[in-house]
Structures are given as structure tokens and as C-alpha cells.
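This report is meant for a reader who is meeting the structure for the first time.

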Amino acid sequence: MNLDTFRTPRLFAERLTAAHLDEIRRMHLDATVMHYLGGVRTEEQTQEYLRKNLEHWERYGFGLYIVHTAARDAVVGRAVVRHLDLDGTPEVEIGYALYPEWWGQGLATEIANKCLDIGRSQLGFESLVAVTQAENRASRHVLEKCGMEYERDRNEWVIYRTKRRT
Ligand SMILES: CC(C)(COP(=O)(O)OP(=O)(O)OC[C@H]1O[C@@H](n2cnc3c(N)ncnc32)[C@H](O)[C@@H]1OP(=O)(O)O)[C@@H](O)C(=O)NCCC(=O)NCCS
């Protein structure tokens, strides 16, 4: 199984590589993108983020994607399907972040649905989580549109989980 790329009707996503450092830096320096993601990051934090996410791909064969338009003429944002240690419990999370000029077109929902499909149908995980700031109403709405359910609060964060399949 090769999960290095995925497509949705409007998007093309590719596996993170070391060549994406500039793109990750651009996202990490965008205060609007990073508002609910802990704020803008330093160069050192960006380098560490890249290193960890490259290592995740090496180890597990899935991870963080850079997401482009289907025509590949612009980067829209990023997506993740990634292992997460949540208070000592191993989980797999899905996530997404888009540059502001791409908001409001249903693209995050398109990405989230695809990440859920990768996590469940292709990787076979029974249960997936998403973590977002409680105040991030747009992100919470995306998760609810994808059929995930609010599970619990964790400080200023909220945890959503896929519904149990019957
Ligand atoms: C959150 C984010 C991913 C949403 O992306 P998007 O492509 O605009 O999302 P979609 O268009 O798929 O869906 C957003 C939904 O939330 C709704 N929405 C937008 N702002 C909202 C708000 N302030 N309150 C409630 N709902 C809101 C939209 O109307 C839409 O719902 P609808 O389809 O029923 O009309 C995007 O704003 C983003 O990348 N933000 C920065 C990074 C981030 O916060 N990532 C999430 C981290 S967990």
C-alpha cells in the first residue's frame, strides 16, 4: 500500500519531504493560520516540526501531507493522519490547516473526509481522533460535518472521535 499521495475532487496531496521546509515555514509564520494552533513558530520549532513529521513517515508509512490544488498550481495547506500520544493513550489523529485565501469553500471538509478514509479503510484503525481548540468553531463544524463526535474537553482543547461503527 502506498499512501504517499492522495486525491480528492479538488485537491492533490503529497507526502511531506525535506524540500517542503519553505512551505512549512510559510505556514508557521502566518499568524492567521496559526491562531488556533499555538501561534507562530520560531525557525527552531519549524525545523523540529519538520524533523518529527519526516521521522513519522519513515517509521509508519503515513503522516503529514502538503495539499495542493488538483492542478498543482498552488499550495492550499496541509493535512495529517498521525500517531498521537493523548495523555498516555496511543491514538491516531486526523487534522488540517489551510491558508486563509482557501477558507470557506468546503476544502477542509474534503480533506478531513479523505483523512478519515485513509485512517479507517486503508490503514484499518477502528477509532480516530481530532484535537482542536474549543473556540475554533469552524474546525469543530468541519469535524461534525464529517460525522465525528465531541468526546471531551482537555484544557482549552476539545477532542472529537469517530463514531463506533455498527
Ligand atoms: C478551520 C479551517 C480548517 C476550516 O477550513 P474551511 O475549508 O474553511 O472549512 P469548510 O469550508 O470545509 O467548513 C467550514 C464550516 O464551518 C463554518 N464556519 C466557518 N466559520 C465559522 C464560525 N466562526 N463558527 C461556526 N461555523 C463556522 C462554515 O460555514 C462551514 O460550514 P458549512 O459548510 O456548514 O457552511 C480553516 O479555517 C483553517 O485552516 N484554519 C487555520 C488552521 C486551523 O485552525 N486548523 C484546524 C486545527 S484543529
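Helices (H or I, at least four residues) and strands (E, at least two) are DSSP runs, numbered from the N terminus. The model is a predicted one, in which local features need pLDDT of at least 70 and side-chain atom pairs count only at pLDDT 80 or more, while totals for chains, interfaces and linings use all residues. Residue numbers start from 1 along each chain as its sequence is written.

**Around the ligand**

The shell around the ligand draws at least two residues from each of β5 (89-98), α4 (107-122) and α5 (137-145), and the largest share, five residues, comes from α5. A residue counts as near a molecule when its C-beta atom, placed from the backbone, lies within 6 Å of it. There are 22 residues around the ligand, of which W103, A108, T109, R137 and A138 come nearest. Sorted by class, the shell has eleven nonpolar, ten polar and one charged residues, where Ala, Val, Leu, Ile, Met, Phe, Trp, Tyr, Cys and Pro count as nonpolar, Asp, Glu, Lys and Arg as charged, and the others, Gly among them, as polar.

Burial is judged by counting other C-beta atoms, placed from the backbone, within 10 Å of a residue's own: 20 or more make it buried, 12 or fewer exposed, and a count in between partly exposed. In α5, the residues S139, V142 and L143 are buried. Because these residues cover an arc of only 95° around the axis, they are on the same side of α5; the arc is that of the directions from the helix axis to the C-beta atoms. An α-helix has 3.6 residues a turn, so residues three or four places apart point the same way. The buried residues of α5 pack against α4, β6 (129-133), β7 (148-154) and β8 (157-162), whereas the face turned away from the buried side carries the exposed residues R137, A138 and H141. After α5 comes G147, with a positive phi near 90°.

**Loops and turns**

Strand β4 (residues 75-86) pairs with β5 in the antiparallel sense over ten bridges, pairing being defined by at least two DSSP bridges between two strands. Within this pair, H83 stands opposite V92 in β5, and the hairpin has two residues between the strands.

In the loop between α4 and β6 lies S127, which is partly exposed because 13 other C-beta atoms are within 10 Å. Not counting residues up to four places away in sequence, S127 touches R161 and T162, a contact being two C-beta atoms, placed from the backbone, within 7 Å. S127 and E91 are 36 residues apart in sequence, yet 8.0 Å apart in space from C-alpha to C-alpha.

**The largest nonpolar core**

A nonpolar core is a set of buried Ala, Val, Leu, Ile, Met, Phe, Trp, Tyr and Cys residues joined through C-beta atoms within 7 Å. The largest such core has 35 residues, and V67, A79, I94, I111, A112 and C115 touch the most other members. Elements giving two or more residues to this core include β2 (11-15) and β3 (64-69), while α4 gives the most, with seven residues. Leaving aside neighbours within four places in sequence, C115 is in contact with A79, V81 and I94.
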